[in-house]
Amino acid sequence: MNYIIFGGTGFIGTHLATLLHEQHPDASIWSLDIVDPSKLSGMSEKELYEYTTIKNWKSPVVEGDTRKSTFVYCDVRKPIADLPFTPSADDVVFNIAAVHRTPGHPDMAYFETNMKGAENVCAFAEKYGIKNMVFTSSISLYGASEDLKKETTLPTPNTPYGISKLVAEKVYKAWLAGGSDRKLTIVRPGVVFGKGENGNFTRLYWGIRKHMFAYPGRKDTIKACFYVKELVRFILWNVEERASSFGLYNCTYEPAYTIDQIVAVMKQQTGLSQWVPYIPNFVIQPAAAFAMLLGSPMGICPARVKKLQISTNISGAELAKSGYTLKWSFEESIADWFNDNNKTCLE
């Protein structure tokens with residue numbers, strides 16, 4: 001039996017491989033990706049960015065540990081073939097491969113990887129009779145609004161990324177309908193944080209620590225989020241424990257936290273005492289425009305500030321009543337992440 005992770009070199013994929021190895025130490029775990037982790041060591045910051053397209057890339061592997069999967073070069077934008085192992089019907093496929101940072105890529109790039117990738121992964125599963133698949137979608141397909149979003153909410157994506165994820169979900173549902181013995185899990189994570197995320201929570205932590213973060217226009221913005229280790233545990237629980245053939249879940253804490261609550265927990269769990277000011281909109285937007293002229297330090301730019309002001313008000317109620325038991329509370333997850341960095345920082 002093989003565990004096949006498309007996009008396995010990335011943030012979520014690396015944590016998933018680690019969990020799979022912990023739970024099934026004798027299993028064959030394959031990381032199919034276009035980024036070879038063996039080439040990352042020793043690269044300059046510029047080289048890392050050119051190779052991974054992630055600014056200030058940090059490894060999601062905990063210091064002193066090693067990756068728990070075998071790398072195989074694979075581009076999901078193309079038909080999947082010539083693998084160094086033989087897939088079987090008993091294998092489990094996880095598709096985490098995605099172009100996701102938005103803004104930041106040409107519109108076509110989202111569809112090439114997210115939509116065409118879904119078609120190629122489903123064709124691969126069809127070819128080998130694989131019956132169990134997981135697709136990591138996104139809350140972006142709900143579109144931007146303050147309204148509470150449930151799994152039953154009509155998706156109204158307003159970005160190429162969100163649209164491409166919605167189309168990809170349809171591709172996977174069509175695959176599921178092609179066989180009575182198939183099992184599909186679709187997860188729609190909120191902001192995923194943890195070791196190696198290189199994203200919003202890391203920027204938030206360093207912004208607070210360096211006195212470079214302020215509440216941008218409001219303090220009650222809801223930011224649905226989920227710990228990466230909890231996410232991969234929930235994914236594996238669905239693969240191994242859920243009885244139904246189809247599961248669709250928003251992966252967020254219930255209820256979702258506001259930015260003010262997130263800052264308070266982050267400060268409490270990491271020992272920060274810095275005061276966080278509030279800056280009204282008539283000040284923050286011109287300041288963000290000026291920061292962009294300086295090269296967007298800490299990722300500050302008008303588009304990101306606007307994004308920070310829009311709530312991701314996502315319901316995690318379905319996950320909460322699924323039968324899965326959280327291992328970490330939100331407070332405990334921040335503490336665990338801090339511990340993964342030897343209690344020196346969050347990155």
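**Reading a predicted model: helices, cores and rings**

Helix 8 (residues 281-293) of this predicted model has 13 residues and reaches 19 Å from its first C-alpha to its last, close to the 18 Å expected at 1.5 Å a residue.

Q: What makes the buried residues of helix 8 lie on the same side?
A: The buried residues of helix 8 are Ile284, Ala288 and Ala291. They cover an arc of only 60° around the axis, and therefore they are placed on the same side of helix 8. In general, an α-helix has 3.6 residues a turn, so residues three or four places apart point the same way.

Q: Which exposed residues does the face of helix 8 turned away from its buried side carry?
A: That face carries the exposed residues Phe282 and Leu293. Helix 8 is followed by Gly295, which has a positive phi, near 100°.

Q: Why are the buried residues of helix 7 said to line one face?
A: These residues are Ile259, Ile262, Val263, Val265, Met266 and Thr270. Seen down the axis, they fall within an arc of 165°, so they line one face of helix 7. They pack against helix 5 (200-209), strand 8 (215-216) and helix 11 (330-340). Just after helix 7, Gly271 takes a positive phi of about 80°.

Q: Why are Cys74 and Cys225 called buried?
A: Buried means under 20% relative accessible area. Cys74 has a relative accessible area of 9%, so Cys74 is buried. Cys225, at 2% relative accessibility, therefore counts as buried.

Q: Which residues touch the most other members of the largest nonpolar core?
A: Phe94, Phe193, Phe201 and Phe330 do so, in a core of 55 residues. Helix 6 (residues 228-240) gives the largest share of this core, 8 residues. A second, separate core of 28 residues includes Cys74, Ile80, Ala97 and Phe135. In soluble globular proteins, nonpolar side chains tend to be buried together.

Q: With which residues is Phe193 in contact, leaving aside its neighbours within four places in sequence?
A: Among them are Phe11, Phe201, Cys225, Phe226, Tyr227, Tyr253, Phe330 and Trp337.

Q: Why is the pair of Tyr227 and Trp328 called edge-to-face?
A: The structure holds 21 aromatic pairs. Rings pair if their centres lie within 6.5 Å, and planes over 60 degrees apart count as edge-to-face. The rings of Tyr227 and Trp328 have their centres 5.3 Å apart and their planes at 85°, so the pair is edge-to-face.

Q: What makes this a link between distant parts of the chain?
A: Tyr227 is in strand 9 (residues 225-227), whereas Trp328 is in the loop between helix 10 (317-320) and helix 11, and the two are 101 residues apart. Tyr227 is buried, with a relative accessible area of 0%, and Trp328 is buried at 12%. Ring pairs link both of them into a cluster that includes Phe193, Phe201 and Phe330.

Q: Why is Asp82 called exposed, and why is Asn342?
A: Exposed means over 50% relative accessible area. Asp82 is at 80%, so Asp82 counts as exposed. Asn342 has a relative accessible area of 51%, and therefore Asn342 is exposed.

Q: Where are Asp82 and Asn342 found?
A: Asp82 is in the loop between strand 3 (70-73) and strand 4 (92-95). Asn342 is in the segment after helix 11. Phi of Asp82 is near 55°, a positive value in a residue other than glycine. Asn342 has a positive phi of about 55°, although Asn342 is not a glycine.

Terms used
Residues numbered from 1 in each chain as written. Predicted model: local features only at pLDDT ≥ 70, side-chain atom pairs only at ≥ 80, totals over all residues. Heavy atoms only, no water. Core = buried A, V, L, I, M, F, W, Y, C linked by side-chain atoms within 4.5 Å. Buried < 20%, exposed > 50% of the residue type's maximum accessible area, 1.4 Å probe, protein only. Helix = DSSP H or I, 4+ residues; strand = E, 2+ residues; numbered from the N terminus. Contact = heavy atoms within 4.5 Å. Arc of directions from axis to C-beta. Phe/Tyr/Trp six-rings, centres within 6.5 Å; stacked < 30°, edge-to-face > 60°. Expected span 1.5 Å × (residues − 1).
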